[in-house]
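Opening the notebook on this one. I'll jot down what I look up as I go, starting with a site from the record.

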Amino acid sequence: MTENLTEAPSLLRELSTEGLREHAAGALTRARQRSTVLTDAVDDGDLVRQHSKLMSPLVWDLAHIGSQEELWLVRDVGGREPLRPDIDDLYDAFQHPRADRPALPLLGPAEAREYVGEVRAKAFEVLEKAPMEGRRLTEAAFAFGMITQHEQQHDETMLATHQLRKGEPVLHAPPAPTRRGGPLPAEVEVPAGAFLMGTSVEPWSLDNERPAHEVWVDGFLIDTTPVTNAEYVRFLEAGGYDQQRWWSEAGWKYRQEHDITAPRFWWRETDGWWRTRFGVREPVPAGQPVMHVSFYEAEAYAAWAGKRLPTEREWEKAARFDPATGQSRRYPWGNEEPTAERANLGQAHLSPAEAGAYPAGASPLGVHQLIGDVWEWTSSDFHGYPGFAAFPYREYSEVFFGPEYKVLRGGSFGTDAAAIRGTFRNWDYPIRRQIFSGFRCARDLPGV
Ligand SMILES: [Fe+2]
């Protein structure tokens, strides 16, 4: 172990038991406000409809949020009687693939709303009395944090369902900020050396982020910002989608079989590229990060640009490592929670912000917009870290370990602050692009 490598302490650890309860209650309440916005925005017909085979009906997500909260907070932490044991199976994500969910005898919109409300009332009763120590599930209110993150993750999934929904816009938010400050260098050098990856101290971190472990990273260059639409259009216009040489074998097969010719939701007009965004038709904004691309498209663009995707450890070192102190930070800007000045999160805007819009969110090495805007594909498969232990259940992440999933990092404009940090890991199939996915490139140092 290199002696000066440390992990920044978590601010949650400084809270008293009462402070933790307040923090958890606030986080749960914010998540519910968002779930309510997403489900109240459409009528009952839209709530029960399947807008895409890739997604559940919104009303399934809503009751599933309540079902998980009942299982963990009401029954397990609280030791209370089940409210609705009869519906456990319907909302078990492992029992029914998304495509089959509309055919299930699901709770209707009114029943689902009533159910999640009843569960929440009980969960708050449990929160008032639950010990915040003595048992790992409740240590520093972990179970409440886990359920908050679960709800926020489903909120992001519901936001993706809104993007797939046909019809007039129903969600509204101010436009994302534009670039601030002077021009940025295209790339940043991350010096060779070890750093501490993952976390052993963040109380609400999930099992796959644990434990902190020292890893070596060779020196490399990483793009200062995610790849923008203007940059991506150059790849399109250069015929990138028609030239097999830029694509991996699996990527080319996918591109051919599905006749992929541009990012999802894009189409070509005589005056350029257009896209739909939550029901709005608009010219593709040049300065924003490209979004709705699969891993295979990201990989092909990187090859065309003479670069590659960063590995997961490279991404995390660029995001967390402070070369002055040897410390791995909680976030690129430091240890304090995200704010509107630091990152585009939480559906505050309904799109990514222009590259260069968040100078206050840059890492010590000067890498921008690592948190928020778009999820970033990495070249890494999803695996457990050395010393990984499944908690609180194998299905949280362990059953997904393996080469079929690629890791995404950093969160999107649709990710809430409660469900993102420098160590947070997301994973998906390399063909997926209904998610808010983009990427940035990296490359080896020349001459190395
Ligand atoms: Fe879930």
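**Arg98.** The scale I use calls a residue buried if 20 or more other C-beta atoms lie within 10 Å of its own, exposed if 12 or fewer, and partly exposed in between, with C-beta atoms placed from the backbone. Arg98 sits in the loop between α3 (58–77) and α4 (109–129). Helices (H or I, at least four residues) and strands (E, at least two) are DSSP runs, numbered from the N terminus. Not counting residues up to four places away in sequence, Arg98 touches Leu54, Met55 and Ser56. Contact here means that the C-beta atoms of two residues, placed from the backbone, lie within 7 Å.

**Ground rules.** I am working with a predicted model, where local features need pLDDT of at least 70 and side-chain atom pairs count only at pLDDT 80 or more, while totals for chains, interfaces and linings use all residues. Residues are numbered from 1 along each chain as its sequence is written.

**Rest of the site.** UniProt positions are in the numbering used here, feature names are shortened, and annotations may be inferred rather than shown by experiment. Next I took Asp428, which lies in strand β13 (residues 425–428). Is Asp428 buried or exposed? Asp428 counts as buried, because 21 C-beta neighbours fall inside 10 Å. Leaving aside neighbours within four places in sequence, I find Asp428 in contact with Tyr405, Lys406, Leu408 and Ile435.

**Domains.** The chain is divided into domain 1 (11–164) and domain 2 (173–448), with bounds from an automatic or database domain assignment. Their C-alpha centres lie 27 Å apart. The contact takes 25 residues from domain 1 and 15 residues from domain 2. On the side of domain 1 that touches domain 2, α1 (17–40) and α5 (142–164) each supply at least two residues. Which helix gives the largest share of that side? I get α5, with 13 residues. By class, the side of domain 1 that touches domain 2 has 12 nonpolar, 8 polar and 5 charged residues. For these classes, Ala, Val, Leu, Ile, Met, Phe, Trp, Tyr, Cys and Pro count as nonpolar, Asp, Glu, Lys and Arg as charged, and the others, Gly among them, as polar.

**Annotated span.** The unreviewed UniProt entry also has "domain: Sulfatase-modifying factor enzyme-like" over residues 184–443. The end C-alpha atoms of that span lie 18 Å apart, and the span is 14% helix and 23% strand.

**Strand β5.** I then followed β5 (residues 220–223): Phe220 and Ile222 point one way, Leu221 and Asp223 the other, and all are buried. Strand β2 (residues 187–190) is joined to β5 by 4 bridges, antiparallel, with Glu187 opposite Asp223. Strand β15 (residues 442–444) also pairs with β5 in the antiparallel sense, over 3 bridges, and Phe220 has Asp444 as its bridge partner there. Two strands pair if DSSP finds at least two bridges between them.

**Cores.** The largest nonpolar core has 97 residues, and those with the most contacts inside it are Val59, Ala63, Leu73, Ala143, Phe144, Ile222 and Ala298. A nonpolar core is a set of buried Ala, Val, Leu, Ile, Met, Phe, Trp, Tyr and Cys residues joined through C-beta atoms within 7 Å. α3 gives the most to this core, with 10 residues. The core draws at least three residues from each of domain 1 and domain 2. I looked at Leu73 too: not counting residues up to four places away in sequence, Leu73 touches Gly78, Ala123, Val126, Ala143, Phe144 and Ile147.

**Helix α8.** I finished on α8 (residues 295–304), which is mostly covered, with 9 of its 10 residues buried. What covers them? The cover includes α6 (229–237), α7 (249–257), β11 (375–382) and β12 (402–409). Past α8 comes Gly306, with a positive phi near 75°.
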